[in-house]
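Biologist: I'm new to reading protein models. Could you walk me through one, feature by feature?

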Amino acid sequence: MQLPQVINLPITEVCDSQCVMCNVWRAGKTDAFDKESTHKLFSQKGFKKVQHIGLSGGEPTLNENLLDVVDELLDCLPKLQTLSVTSHGYHTDKHALVLPQIKEKCANRNISFSLNISLDGYEKAHQKVRRIEGAFEKAVKTANLARDLGINVQFQCTISPENVFNIVLVREFAIDNGFEIIFRIASYIARLSNENLIERISLNEQQKSFVSDFLTSERTLFAANSLSRRLFYFDLAKRLDNGAKRAAPCAFQDKGLFVSPDTKIYNCSRSEKELLFSDKENIAIELDSSKNNQLVQELIQKTCVDCYHDQNGRWPYWKYFTVHQKIYPWLQLTKKLLKTPTILSKLLFKPKVISTKSNQFNKILIIGMYGGEHVGDAAILGGVILRLMKKFNSSEFEVVSIRPNRTKYWISNLNIPDITIKTISINDLNIKDYQALVLAGGPLMGIPTILSNHISILKQSIQQKIPFFIEGVGIGPINDSISKKLIYKIIKSANHISLRTKSDLEKITHLSNLTSESHDPAFDYLEYLNTKEGKIPDSLNTILDTKKKIWVINLRPLWNRYSKDNDAIQENVLSVIAEIINENSDNARFVFMPMNSDQFGFSDLEMAYKLNIKVKVVAPKADFIVWETEPTIDACIALLKRASLTISMRFHGCIFSLASACNTIGLDYSTRSKGKIAHLFEQQGKAENVLNIKSLSKEEITNSINSFNLK
């Protein structure tokens with residue numbers, strides 16, 4: 001082992017928080033560093049190369065010797081460059097005393113000083129994790145104080161099942177208020193004595209895939225200033241997705257040490273075995289002993305490979321460029337451009353219909369927009385499978401997905417007995433395993449990379465003389481000529497095509513006479529669900545516990561493809577809905593239902609929190625609840641069956657509401673022409689209940705509400 005360059009130093013284990021992921025506050029330990037113990041340990045030559053030291057706890061401000069400890073560290077560590085303090089931030093008055101002094105002491109030595117504040121949720125969510133009254137307000141007050149003092153402040157959020165769907169709001173709060181925010185996963189850490197809490201604080205598979213997507217979204221990546229942190233997020237996401245071993249470097253494998261308040265020395269906070277020293281005044285000599293190196297190797301082999309902890313290290317220099325804020329978008333664009341030759345080659349594909357006399361296909365491969373789906377797409381898949389079971393007597397299905405873990409979760413939503421449904425990546429499939437290929441769910445739209453993937457699989461199926469069907473899809477939007485040509489080739493290869501609206505049918509009747517109009521397959525599955533009893537989560541029972549009428553709101557962020565005036569249109573929609581909530585706040589509980597919670601495909605939760613801010617100003621007394629979850633099909637239907645009214649921008653938010661016989665106002669977000677929501681309501685004979693968001697007004701929504709006679 002090298003002499004340490006990084007030290008993790010909890011200066012006390014006393015803590016007055018009661019966090020759900022930590023048992024330090026229960027332990028009753030009183031060991032703490034003071035002036036003498038700090039000098040005795042850190043004045044020796046073994047620490048002469050330390051460049052960074054992080055003070056934590058417990059809660060460091062509860063150590064009355066904090067300033068003395070800082071003085072000794074600054075005197076004893078000649079190479080020190082950075083010092084940080086990690087705090088829960090409850091004691092703003094203490095921070096007001098010590099922060100200016102620590103800042104001055106560090107500035108006099110040309111040492112960078114920063115403050116880390118734990119923020120594990122927004123308002124009540126943070127209090128739920130920390131179990132201390134006013135925890136959020138106290139932490140934010142301290143953060144603001146430190147920033148006003150010119151101190152660099154970083155929020156640190158630990159993700160657990162208690163707050164997993166609140167992390168979007170935590171991120172948005174930090175960004176809106178000009179703070180850096182980083183995220184870590186709650187996990188077993190020896191010094192926290194939390195081994196008995198692991199089952200409670202561990203994320204399930206659904207939550208892992210949600211967090212993986214969140215961590216690698218650009219907004220989360222660039223909310224962290226450190227390039228190493230961004231690289232760590234990508235590595236962590238892989239581990240959350242598929243159980244990969246840790247590839248992220250860690251300074252605590254060779255350059256870092258963890259020193260406990262009783263001066264015991266470990267490799268890191270996760271290590272349970274103390275490093276061995278016959279005399280701690282000879283650390284420089286004994287640190288590299290065979291016994292200590294053996295302990296390090298044992299840690300690396302048994303603990304590090306599965307470690308979620310965000311302790312980081314030095315990456316290969318070239319990797320830092322891949323996550324630089326100015327370079328990253330160009331790299332993503334380059335990746336797309338590199339796919340261009342492959343996409344263009346698909347224009348040479350010759351469509352062909354494989355004739356078949358059979359109407360029975362036991363095992364079917366399903367392709368579509370899978371991997372970016374949400375609860376509405378899960379219902380689509382359920383409806384598609386019900387149709388295929390009826391048409392072809394099928395019982396085995398495999399779904400090609402760009403994110404198999406996400407699709408696997410949504411498949412678990414389905415309640416269809418006596419069949420098997422699996423997910424597979426495009427790289428792992430063997431077309432010979434299937435008797436039919438079906439493109440189903442979602443639209444055939446202008447995304448050339450997805451269309452290219454479809455044709456790659458279609459080409460294989462034609463070679464193996466496997467028939468191809470299109471079931472329950474929409475057409476468009478299509479704004480580029482390459483997508484139009486690829487879609488033409490897909491359509492010309494189909495044995496039969498079922499489209500979800502008359503408008504979709506009209507777009508391709510000149511291309512194929514093997515077409516029929518049906519409806520969105522989600523309706524099939526939702527009708528089927530009426531015969532089943534679904535499981536309702538506890539979070540929904542709390543929401544439904546009211547004598548008021550329930551109004552459901554669903555808004556989605558806008559994609560730049562839809563309009564150049566997105567920001568203005570979105571702002572107007574939020575303002576109008578807030579006014580509607582204000583006007584009806586006496587008689588209703590308003591529940592924001594996210595149809596898509598994750599970052600892939602635009603998170604509805606981002607709109608929910610923006611609306612929440614508006615509502616607090618416009619209608620401060622309104623009973624407005626953001627349903628922070630990734631809702632199941634059953635849960636959505638249970639909510640909508642209790643609701644008196646739904647106002648929805650999501651296509652499937654409208655479908656779920658209509659299928660639940662709830663009064664529904666659709667907000668069509670296609671601002672250039674009629675979109676799929678407008679066509680849906682026309683197909684349902686309810687054209688008067690759809691409004692376009694481009695010029696949405698309170699009067700329009702009020703008139704629609706009045707037409708339902710909700711009193």
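Predicted model: local features only at pLDDT ≥ 70, side-chain atom pairs only at ≥ 80, totals over all residues.

Biologist: Okay, sheets. In which order do the six strands of the open sheet sit?

Modeller: In general, strands of a sheet pair through backbone hydrogen bonds, either parallel or antiparallel. Strands here are DSSP runs of E with at least two residues, helices are runs of H or I with at least four, and both are numbered from the N terminus. Two strands pair if DSSP finds at least two bridges between them. The order is β19-β18-β17-β20-β21-β22, with parallel pairing. β19 (623-626) and β22 (690-692) are the edge strands with a single partner each, so one side of each has no neighbour in the sheet.

Biologist: How many bridges join β17 to β18?

Modeller: Five, and the two strands run parallel. Trp551 has Phe590 in β18 as its bridge partner.

Biologist: Which helices pack on that sheet?

Modeller: Angles run from 0 to 180 degrees between N-to-C directions, using axes fitted to C-alpha atoms, for helices over the stretch in contact. Contact means heavy atoms within 4.5 Å. Helix α28 (residues 676-683) packs on the sheet and touches β21 and β22, making about 145° with the direction of β21. α27 lies across β20 (645-648) and β21, at about 165° to β21.

Biologist: Now rings. How are the rings of Trp551 and Phe590 placed?

Modeller: Rings of Phe, Tyr and Trp (its six-membered ring) pair if their centres lie within 6.5 Å; planes under 30 degrees apart are stacked, over 60 edge-to-face, and the rest tilted. By this rule there are 19 aromatic pairs. The rings of Trp551 and Phe590 have centres 5.5 Å apart and planes at 85°, so this pair is edge-to-face. Trp551 lies in β17 (residues 549-554) and Phe590 in β18 (residues 588-592), so the pair ties together parts 39 residues apart in sequence.

Biologist: Are Trp551 and Phe590 buried or exposed?

Modeller: Buried means under 20% relative accessible area, exposed over 50%, and partly exposed in between (1.4 Å probe, protein chains only). Trp551 is at 5% relative accessibility and counts as buried; Phe590, at 0%, is buried too.

Biologist: What lies over the face of Phe179?

Modeller: A charge sits over a ring if NZ of Lys or CZ of Arg is within 6 Å of the ring centre and within 35 degrees of the ring normal. Here it's Arg147, at 4.0 Å from the ring centre. Phe179 also belongs to a cluster linked by ring pairs, along with Tyr122, Phe136, Phe155 and Phe173.

Biologist: Last one, the loop. Where does Ser660 lie?

Modeller: Ser660 lies between α27 (651-659) and β21 (663-668), and is buried, with a relative accessible area of 12%. Leaving aside neighbours within four places in sequence, Ser660 is in contact with Ile637, Leu640 and Lys641.

Conventions:
Residues numbered from 1 in each chain as written. Heavy atoms only, no water.
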